[in-house]
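Please have the sequence and the model open.

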Amino acid sequence: MIGDQSPRHVVIPSRLWEQAVDTEHLNKLAVEYIMVRYPDYRVITVKDGFAICEKNY
């Protein structure tokens, strides 16, 4: 479907959870991870092991 605006749930790798010192650091690591691997995605929030994202069209 073209223009689908439903949120995308991207699993955050366990290595990022292990590497993070606190939640703020985890959010930063998740954003960096998403920017490299999913360049069309923008992170809205990090929750329950997932980065909730929007796809940029």
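The side chains of Lys-28 and Glu-32 form a salt bridge, with an N to O distance of 3.7 Å. The term requires a side-chain nitrogen of Lys or Arg within 4 Å of a carboxyl oxygen of Asp or Glu. This is a predicted model, in which local features need pLDDT of at least 70, side-chain atom pairs count only at pLDDT 80 or more, and totals for chains, interfaces and linings use all residues. Residues are numbered from 1 along each chain as its sequence is written, and side-chain values use heavy atoms, with hydrogens and water left out.

Lys-28 and Glu-32 sit four residues apart in helix α2, so about one helical turn separates them. Helices (H or I, at least four residues) and strands (E, at least two) are DSSP runs, numbered from the N terminus.

How many salt bridges does a search of the whole structure find? It finds two. The other case pairs Arg-42 with Glu-54, whose closest N and O atoms are 2.4 Å apart. Arg-42 belongs to strand β2 and Glu-54 to strand β3, so this pair ties together parts that are 12 residues apart in sequence. Side chains of opposite charge can pair when their charged atoms come close.

The table lists accessibility for these residues. Buried means under 20% relative accessible area, exposed over 50%, and partly exposed in between (1.4 Å probe, protein chains only).

| Residue | Relative accessible area | Class |
|---|---|---|
| Lys-28 | 51% | exposed |
| Glu-32 | 39% | partly exposed |
| Arg-42 | 42% | partly exposed |
| Glu-54 | 28% | partly exposed |

Now the sheet. Three strands make an open sheet, ordered β1-β3-β2, with antiparallel pairing. Two strands pair if DSSP finds at least two bridges between them. β1 (8-11) and β2 (41-47) are the edge strands; each has a single partner strand, so one side of each lacks a neighbour in the sheet. On average, neighbouring strands are turned by 35° against each other, direction ignored. Axes are lines fitted to C-alpha atoms, for helices over the stretch in contact, and angles run from 0 to 180 degrees between N-to-C directions.

β2 and β3 (residues 50-55) run antiparallel and are joined by six bridges. Arg-42 stands opposite Glu-54 in β3. Lys-47 has Phe-50 of β3 as its bridge partner. The two strands form a hairpin with two residues between them. In the turn, Asp-48 has a positive phi of about 55°.

Helix α2 (residues 23-37) lies across β1, β2 and β3, running at about 150° to β2. Contact means heavy atoms within 4.5 Å.
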